[in-house]
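Dear colleague,

Please find the structure below, handed over for your use. My findings follow it.

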Amino acid sequence: MDSFLEDYEEAPSVVVEGKKRRRRRRSPATQAALQPPLHLPFLPPQSASSNEYKLNFKKSKEACLNYIQDALVQKQWKRAAEFLTCYVESLEKDYSREHIGPSEMIWRIGTEILWHHSQSRMKEFSCFMEQMKTLGVKRYLKVCLEHVFHLLCNGQIDEAYQNLSLAESWRFGEQTAIQDKEIKLIQAYRGLLDYCSWSKQKKFLLEHGEDGFADLAVEQEMHGYFRKAAVNLKEIIKIPGVWDVFVKCYVDLLEFYGDHNEAHQVLNEYAYNSKFPANPNAHVYLYHFLKRQGESKKSLISALKILHDIVPSHELMIDFNTMLQKSKKRKKRQLGLEVIFAALDYAGWKENAKAWSCLARQVKQIVISEKHLDWIKQEWNSRKDWWPDFHFSRYLAKRNWQENKSLSYEKALVAGILLGKDCKYFKYVSHQGCKAQLKRFRMLKKIVTRHNPVSLRICGLPDSSV
């Protein structure tokens, strides 16, 4: 148990029998230590009837699990470890009567306790994992993966690789075939570690490659890592799933050795194969690859269009808007306006100066030309009830002006066009700008005032008072 001598937190003083006495509140660790020991219900003697024995055994297990759960919730790791030990021992006592193997619950709870326990060491964790591997063949490979992750988190790369190699060679009758997906994962993570070794060699070669003989040796070793990594990474990404890290590493390998067609095919399959779950990152990887390869704007726009449908608030929406605005086709320019409006619907974009600049530039062009005002009106109709408070309050005008004058300028232009010259945000920012004798803000006021009738048509009001 933890030491009883824990620091106490000061609590408000109380008056007892006319005397002022300070009450101390115990820390959680002290509370745990001072709790009375909890004992599991005693099992009946062996002479008890079979039904009575089973009933009491069930109650004993349930009580122990409840104690474990309570300790975990309160983060009392040592107490939880003690009750887990009791739980395992209770199973062992009944082992002769009925085959009860260690359940997944023991593995999961034990892992959680060892990860947080103050006295836990990697040696103890590895020992526990080895026991779980031995006793739970149905979860052998999952336990192996968990063990590997903890080794990697502790920087034990070589040990992790060795465990992956041993797990890959594991065979246990029918259980081997049942755990085929886990074997693929084991192989994939081994491939990932091979990729890391390849990447280190590549970095060394690029930075220190001077000696021809040394370079040749490094290149040969590097190519060996490439072959091992490529084989395993290629296999896992054939299975429908979310394999971002494996796809990125495999594509990096292919690109380095000039196999751009294979890389393009892999990314296309990952992004567009209907058997794979919808994954915005797949379209991000494809877009960046196409951009590196200097592909056409049409291909780039196609990749980002699907990303927009999945995640309209993605940071690449600024790139998407910029490309659409440069298009000669009206539908694409209209889509660009839709894209930037949709992005600014999200709180994370509220102070994105680039996004507001994109919107300001486009609405300004439309208002000055008085063409396609219906585009703005269509987007504004669904937002006019909540954007004023969300983006254009007087409070935000003051804060934006103090923190980022460029942002406040772009927002004030948009606010003035959408809500008219009487908009609170526009009035405050334009007044502060003119007061500071900033030329661009004087021009801003002239633009909004001159085109105020157009703004009124957009917001559908005969008079604007926002």
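W387 touches F341, L344, D345, W356, L359, W380, F392 and L418, leaving aside residues up to four places away in sequence; contact here means heavy atoms within 4.5 Å. The model is predicted, so local features need pLDDT of at least 70 and side-chain atom pairs count only at pLDDT 80 or more, while totals for chains, interfaces and linings use all residues. Residues are numbered from 1 along each chain as its sequence is written, and side-chain values use heavy atoms, without hydrogens and water.

W387 also belongs to the largest nonpolar core, which has 92 residues. Such a core is a set of buried Ala, Val, Leu, Ile, Met, Phe, Trp, Tyr and Cys residues joined through side-chain atoms within 4.5 Å; buried means under 20% relative accessible area, exposed over 50%, and partly exposed in between (1.4 Å probe, protein chains only). L359, W387, F392, L418, Y425 and I458 touch the most other members. Helix α21 (residues 405-419) gives the most to this core, with nine residues; helices are DSSP runs of H or I, at least four residues, numbered from the N terminus. A second, separate core of 32 residues includes F83, Y87, L114 and I183.

Turning to the cysteines, the count of disulfides (pairs of cysteine sulfur atoms within 2.5 Å) is zero. C358 counts as buried because its relative accessibility is 6%, whereas C434 is partly exposed because its relative accessible area is 25%.

Yours sincerely

Methods: Helix = DSSP H or I, 4+ residues; strand = E, 2+ residues; numbered from the N terminus.
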